[in-house]
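Here are some friendly notes to read alongside the model.

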Amino acid sequence: CRFFIYTSENLLLSMFVVLSVIPVKVEVEEGEKSVQLPFKTTKYLSGEIQVIWERYEPFQKAHVFTNGPNQYEEQHEVYKGRTVMNKDLLETGDLSLTLKQPTERDSGEYKCLVWRKGNFIRKKTVLLKVKGWFVCLFAGLCDCI
C-alpha cells in the first residue's frame, strides 16, 4: 500500500507500506493421533460463509465448509475421513482444521480462505511439518528426521 500526506499545496510525505503475515508453523511426529492447523478469527461470522482449507504444492482441497454443512465431496481423496472442523465455527470464529493420522506426505503449506457471498474476507497460512521416521541401515538404529 502507498500512502500520501498532502498539505493544500505540496506533498509532505510519501510512505510505502508492505503488509505481510508470517505463517504459523506447526510440527508433529508421524504416528500422532491428529494435528490442528490453527485459525481463530472474529466471532459470529454472518452471511453466506464458505471456509476452504487448501494445500499447496501439490494443490489439494483439504476441507470445504459452506454455511453449515461440510462439503466432503469437494475435498481431495487423501483427506477423506481425516479432517474435522468445529461444529460451531461461525459462532466462535475458530476455523481451525484437525487433520487425523498425519503422515510425512501431509507436510506442506496450507491456506484457509474465508469467503462471504463470493467475496474474499480472511486468509491464514499454516506451514505443517510432519516428522517421519527412517531406519539407519549402517547403525541399525531408528532416528527421527
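1. Lys111 sits over the face of Tyr56, 5.7 Å from the ring centre. The rule asks for NZ of Lys or CZ of Arg within 6 Å of the ring centre and within 35 degrees of the ring normal. Please keep in mind that this is a predicted model, where local features need pLDDT of at least 70, side-chain atom pairs count only at pLDDT 80 or more, and totals for chains, interfaces and linings use all residues. Residues are numbered from 1 along each chain as its sequence is written, and side-chain values use heavy atoms, with hydrogens and water left out.

2. There are three aromatic pairs, counting rings of Phe, Tyr and Trp (its six-membered ring) with centres within 6.5 Å; planes under 30 degrees apart are stacked, over 60 edge-to-face, and the rest tilted. Tyr79 and Tyr110 are edge-to-face, because their planes stand at 80 degrees, with centres 6.4 Å apart. Both Tyr79 and Tyr110 are buried (under 20% relative accessible area; exposed is over 50%, partly exposed in between, with a 1.4 Å probe and protein chains only).

3. Trp115 and Phe120 also form an edge-to-face pair, with centres 5.5 Å apart and planes at 70 degrees. Trp115 is partly exposed at 27% relative accessibility, and Phe120 is partly exposed at 43%.

4. Three strands make an open antiparallel sheet in the order 4-8-7. Strands are DSSP runs (E, at least two residues) numbered from the N terminus, and two strands pair if DSSP finds at least two bridges between them. Strand 7 and strand 8 (residues 97–100) share three bridges, and Thr83 has Leu99 in strand 8 as its bridge partner.

How values were computed:
Helices (H or I, at least four residues) and strands (E, at least two) are DSSP runs, numbered from the N terminus.
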